[in-house]
Amino acid sequence: MNTYMKNESNVAMKLHYDISKDDFSRAGEASSKIKNMLRQLAIEANILRRIAIATYEAEINLVIHSLGGTIDVYIKPDCIEIYVEDVGPGIENIELAMTKGFSTATAVAREMGFGAGMGLPNMEKVSDEFIIESTIGVGTQIKMVVTY
Amino acid sequence: MREYWHSVVLEKDYCNGCTHCLDRCPTQAIRIIDGKARIIQDRCIDCGECLRVCPYHAKGALVSSIDTLNNYKYTVALPSISFYGQFSEEYDTNKVYNALLKLGFDEVYDTAHAAEILAVYEKAMVEKEHYNKPLISTYCPVITRLIQIKYPALIDHIIKLEAPMEIAARHVRKRLIQEGYTSDEIGIIYISPCPAKITSIKNPIGIDKSSIDEAVSTEEIYYKVMKIIDKVTDIKPIQCSTGKGIGWARVGGQSYAMEIDDYIAVDGIDEVIKVLESMEIGKLNSLDFFEGYACVNGCVGGPLNVENTFIGKNRVRKLTKKYGMDEPVTIDIELIPENMEWDTPIKPMPIFKLDTDFKRALEKMAKIEEYTQILPGINCGACGAPNCRVLAEDIVSGNAKLEDCVLLKNQPKG
Ligand SMILES: Nc1ncnc2c1ncn2[C@@H]1O[C@H](COP(=O)(O)OP(=O)(O)OP(=O)(O)O)[C@@H](O)[C@H]1O
Ligand SMILES: [Mg+2]
């Protein structure tokens, strides 16, 4: 199995975003910025849509489930790579977390329309390559690749 | 890209270069250059936001005047559906329509009637076929254009149906030609609540040529009608729509007429943008239908209407009751695709692309990032661009200079 590692080769441009935990008012801002930037590149509409879904779901998960983290986007000539890292709490059972409909979202998060348990499954669905690793007490790392 | 005709125009003499419109423009189509606002044609979607906020009335809509009636042998007025909401209750809509005849139109067709027929067609279409949900209404042309330039992935969701005004015009023109008029002799004239509808007559989406010849503004016609309405005596029956068609003048009226349950109807361009952003990432896939309007309160809020939008909205609501929401709709336009649907594809117009070549677009993007870092980031608009990032983009595309930034220029060197 592939392991999570940033692939530094052939990077044309890097975007970096810090995401704070529980900052609901700004949730979605980073992915919206990413989308607007990629819109300006000559990227095809449906590819753009997939990247938008991947980054949005990742960002929301950082806000509602993690203790804070980062999203790095590597723009390459043939693909976009998205790296999501956080500083905890980590996911105990990744297989369970990846199951459609599984969610530990709080009542507050559910009230805001999150918590359908579809984020991770959708991230995997829209990615051509998807790697998730997590260590309890350390953090979660996700790599997603969308090829043009 | 083909030359794009726009109804929204700038009257330079009135513009004093203030920045009111800059920030309001949802597609960042306005720049202030040499003290005057300028509209970048490719980017304008004719929403009319700038028209509305300009304190000096320096922006207008290119529109014909009623004198144009002299150019045709036989003229037909198509009052917009929101025309219903412009007149106080003492003036019956049918009387208003008769006043239009007195103004010189040879015929008036109740556009709302075309809307209620369209709703019947649309309902059957949505029920029968499999579509990408939610389907997006094309009734507000601003929203369709916004999707073309910014949300091309949603083009497949657009329900490719004509606007009621176009269905009415096609129908009337066909009849008049059968009666022996030549196409040149017929003048079908829309009474428009907004510049966007005028643009879609001159520059239609989804069809090659509009069946409507020209548009006049509700504003002009309203005052002319008010001058003569008390003198209108012989009254012919013209108004024929039930409440279902009239309701299209307000937000949600279309969905109501279609008897759709799972829909959202959203007004105001900023709110619509938020919804389209969510829709683009698949957050609204459980909905059946989406009705979006650039104007707050929908078409009654059109910038060329005269009545306060909330009063107009209330009147329309009352009129829908008066003319009945459950009355049977007379189907006197055949429910076939050639009467109801668009026949040319809707193309994306990706105006935000920096370059058609990915590599060059990337290079430009890198430069834009560099300039954005240098610029102060306070988005003051004094350079004439709506914000620092747009200035950076303009610098990279060769349309502005770093020195245009007032703050940077005044900074002590060193
Ligand atoms: N970064 C993270 N750190 C810790 N736990 C996480 C993280 N991301 C996801 N999880 C766990 O995985 C579960 C499933 O995540 P997923 O994104 O699929 O659903 P959700 O966020 O709960 O709901 P939705 O994404 O549909 O709003 C979460 O409820 C949470 O328990
Ligand atoms: Mg999630």
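## Cysteines

A disulfide is a pair of cysteine sulfur atoms within 2.5 Å. In this predicted model, a search of the whole structure finds 0 disulfides over all chains. The sulfur of Cys21(B) is 6.3 Å from the closest cysteine sulfur, which belongs to Cys18(B), and this is too far for a bond. Cys21(B) is also buried, with a relative accessible area of 4%; buried means under 20% relative accessible area, exposed over 50%, and partly exposed in between, with a 1.4 Å probe and protein chains only.

Cys140(B) gives a further case: its closest cysteine sulfur, in Cys299(B), lies 6.5 Å away, too far for a bond. Cys140(B) counts as buried at 10% relative accessibility.

## Basis of the model

Residues are numbered from 1 along each chain as its sequence is written, while chains are lettered from A and ligands numbered from 1 in the order in which they are written. In this predicted model, local features need pLDDT of at least 70, side-chain atom pairs count only at pLDDT 80 or more, and totals for chains, interfaces and linings use all residues; side-chain values use heavy atoms, with hydrogens and water left out.

## Domains of chain B

Chain B is assigned domain 1 (1–61), domain 2 (66–323) and domain 3 (355–414), with bounds that come from an automatic or database domain assignment. The C-alpha centres of domain 2 and domain 3 of chain B lie 41 Å apart.

Ile336(B) is located in the loop between α12 (309–323) and α13 (337–340) of chain B; helices (H or I, at least four residues) and strands (E, at least two) are DSSP runs, numbered from the N terminus. Ile336(B) is partly exposed, at 24% relative accessibility. From Ile336(B) to His6(B), the separation is 330 residues in sequence and 31 Å in space, C-alpha to C-alpha.

## Surroundings of ligand 1

Ligand 1 is surrounded by 20 residues, and the closest are His65(A), Ser103(A), Thr104(A), Gly115(A) and Met118(A). A residue is near a molecule or strand if one of its heavy atoms lies within 4 Å of it. The shell divides into 9 nonpolar, 9 polar and 2 charged residues. Here Ala, Val, Leu, Ile, Met, Phe, Trp, Tyr, Cys and Pro count as nonpolar, Asp, Glu, Lys and Arg as charged, and the others, Gly among them, as polar. In chain A, α2 (45–65) and α5 (119–126) each supply at least two residues of the shell.

A polar side-chain atom of His65(A) lies 2.7 Å from an oxygen atom of ligand 1. Polar backbone atoms also approach ligand oxygen atoms, at 2.7 Å for Gly115(A) and at 2.9 Å for Gly117(A). Taken alone, ligand 1 exposes 590 Å², of which the protein buries 94%.

## Backbone features

Most residues other than glycine have a negative phi, and most peptide bonds are trans. The peptide bond from Gly88(A) to Pro89(A) is cis, with omega near 10 degrees, and Pro89(A) lies in the loop between β3 (79–86) and α3 (94–97) of chain A. Lys133(B) and Pro134(B) are likewise joined by a cis peptide bond, with omega about -10 degrees.

Asp22(A), a residue other than glycine, has a positive phi near 60 degrees. Asp22(A) is partly exposed, with a relative accessible area of 46%. Asn379(B), also not a glycine, has a positive phi of about 50 degrees and is partly exposed at 42% relative accessibility.

Methods
Polar contact = N/O pair within 3.5 Å; in protein donor to acceptor, adjacent residues only side chain to side chain. Areas by Shrake-Rupley, 256 points an atom, 1.4 Å probe, with all protein chains shown as cover.
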